[in-house]
Amino acid sequence: MCGSPMLEKLRERLQAHRPGRLTLDLPQAAVLLPIVDRPEPTLLFTRRAAHLNTHRGQVAFPGGKRERHDPDLLSTALREAEEEIALARGQVELLGRLSDVISLHGIRVTPFVGRIPPDLPLIPDPGELDTIFEVPLRLFLEDRRHHTDVITVEGRPHYVPSYHVQGQVIWGLSAMMLVELLAEGFERPISLFRPPADGRLCYYPPRRLEHP
C-alpha cells in the first residue's frame, strides 16, 4: 500500500490504464520511473556518464536492453535499476505500466512506474552513470517546462516538453514518458500531439526511425 494518498490514486489510475503495446520485431528495452514516496513525492533520474560513447551526459530513467535470461520486461527494468543505482528490486512497488515507445535508434522501450521508499542508499554505477537526482513531482504537475521541442517523426509532429532543473535537462524519450504519466496517472491536460497553450517552441529537423 502506498504511503502517499497521491501515489495511491496514481496506482489506481495506472492499473485502470490500458497502455499501448507495440508488436514490431525490434530490440527490446525497459526502464523504471521511480517515484520516491516522500511527503512531497519526487521522481528519480540518472545522468549518463561523460565517458560513454553514446548518450553521454544525458538524463534518463534507470533501464536498459532486455537480456536473454530476463523472463519479462519488468524483470529487465528491475535488474537494470539494481545494476545502475543499487536499487534492490524488493524495494520497488509496481504502480503500473506506460505505453511502449520507440527510440530513434529503433529500440522498443517499455516504461514501468514504481514507488520506492525515501532515503535509500542508492549509488550510481560509475561505469554508466555520474549522478542520481530527484525532482519534485510538483514541477511536472504544474507544467513548469523550459520550452517545447517540436520533433517530427515519420511525418508527425511531437510536442515534447523540455525541463531545466538543478542544472539538468530532461527532454527527449524520458520527457515523452513523462507526458503519458502526467496525462494518464494524474489527469493533466497534456499531450505529445497537441502544442502547449503557451511557451517557446524549438523545432528540430524531421527524423525517421533507424530500424535495424
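I began at the hairpin of β10 and β11, where two residues lie between the strands and Gln166 takes a positive phi near 55°. I note that this is a predicted model, in which local features need pLDDT of at least 70, side-chain atom pairs count only at pLDDT 80 or more, and totals for chains, interfaces and linings use all residues. Residues are numbered from 1 along each chain as its sequence is written, and side-chain values use heavy atoms, with hydrogens and water left out.

I took strands as DSSP runs of E with at least two residues and helices as runs of H or I with at least four, numbered from the N terminus, and I counted two strands as paired if DSSP finds at least two bridges between them. By that rule β10 and β11 run antiparallel and are joined by three bridges, and His164 stands opposite Val169 in β11.

On the other hairpin, that of β9 and β10, I again found two residues between the strands, with Glu154 at a positive phi near 55°. Strands β9 (residues 147-153) and β10 (residues 156-165) pair in the antiparallel sense over seven bridges; Val153 stands opposite Arg156, and Thr152 has Pro157 as its bridge partner in β10.

I then looked up the whole sheet, which is open and has four strands in the order β11-β10-β9-β12, with mixed pairing. Because β11 (168-170) and β12 (201-203) each have a single partner strand, they stand at the edges, and one side of each is left without a neighbour in the sheet. The twist averages 30° from one strand to the next, where axes are lines fitted to C-alpha atoms, for helices over the stretch in contact, and angles run from 0 to 180 degrees between N-to-C directions.

Helix α4 (residues 172-185) packs on the sheet and touches β10 and β11, its direction making about 95° with that of β10; contact here means heavy atoms within 4.5 Å.
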